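Good morning, colleagues. Please turn to the sequence and structure now being shown, and I shall guide you through them.

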Amino acid sequence: MGAHYYGADSEDGDRIDDPSEDALFMMISDLNDSDNTFVVVQPDGEDPPWFASVTVRDDGGYEIVLRDNVRGEHDVTTETSVDDIARDLTIWMACRDFPERPTTQVAEL
């Protein structure tokens, strides 16, 4: 069926469509410094407007890249806590634009 909003792909070929915070935690926890060094999360399709990547650092920990071309954002940080990375990625991705996402209307009182 494919992802409704975005997919997470790791170097070793694992893919999760619309990953939850727990799924991101698992994917990042599975990273190593030999044959599964990164996870990329982005919308499906050609020329995605944003992406997030998590890469294992040679000196330990992880490098996180958050790039949103629509909003002109490009942040690079390092972190050691997989829990913090998964939480922060989930929050960041929730703020991204998804043209196909149905809008919700708030009822007037």
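I begin with Arg15, which counts as partly exposed, at 35% relative accessibility. Please note from the outset that this is a predicted model.

Arg15 has a partner. It forms a salt bridge with Asp44, and the closest N and O atoms of the pair are 2.6 Å apart. Arg15 belongs to strand β2, while Asp44 lies in the loop between β3 (38-42) and β4 (50-56), so the bridge ties together parts that are 29 residues apart in sequence. Asp44 is also partly exposed, with a relative accessibility of 43%.

The protein chain has two helices and six strands. In sequence order, these elements follow the pattern β-β-α-β-β-β-β-α. The chain has 109 residues, of which 31% count as buried. If we take the contacts between residues at least 6 apart in sequence, 40% of them join residues at least 24 apart. The chain exposes about 7000 Å², and carbon and sulfur atoms supply 48% of that area.

I return to the salt bridges. How many are there by the rule applied here? The count comes to nine.

Two further examples deserve attention. In one of them, the side chains of Arg57 and Asp59 meet, with an N to O distance of 2.9 Å. Arg57 is partly exposed at 28% relative accessibility, whereas Asp59 is exposed, with a relative accessible area of 59%.

The other example joins Asp68 and Arg71, whose side chains meet at 3.8 Å, N to O. Is Asp68 buried or exposed? Asp68 counts as buried, because its relative accessibility is 1%, and the cut-off for buried is under 20%.

Which residues gather in a patch of negative charge on the surface? They are Glu11, Asp12, Asp14, Asp30 and Asp35. Asp12, one of the residues in this patch, is found in the loop between β1 (7-10) and β2 (15-17). Asp12 is partly exposed, with a relative accessible area of 42%.

Thank you for your attention.

Definitions and conventions: Residues numbered from 1 in each chain as written. Predicted model: local features only at pLDDT ≥ 70, side-chain atom pairs only at ≥ 80, totals over all residues. Heavy atoms only, no water. Patch = residues over 30% accessible without salt bridge, like charges linked within 9 Å, V, L, I, M, F, W, Y side chains within 5 Å. Areas by Shrake-Rupley, 256 points an atom, 1.4 Å probe, with all protein chains shown as cover. Salt bridge = Lys/Arg side-chain N within 4 Å of Asp/Glu carboxyl O. Lys, Arg positive; Asp, Glu negative; His and termini not counted. Charge placed at Lys NZ, Arg CZ, Asp CG, Glu CD. Helix = DSSP H or I, 4+ residues; strand = E, 2+ residues; numbered from the N terminus. Buried < 20%, exposed > 50% of the residue type's maximum accessible area, 1.4 Å probe, protein only. Contact = heavy atoms within 4.5 Å.
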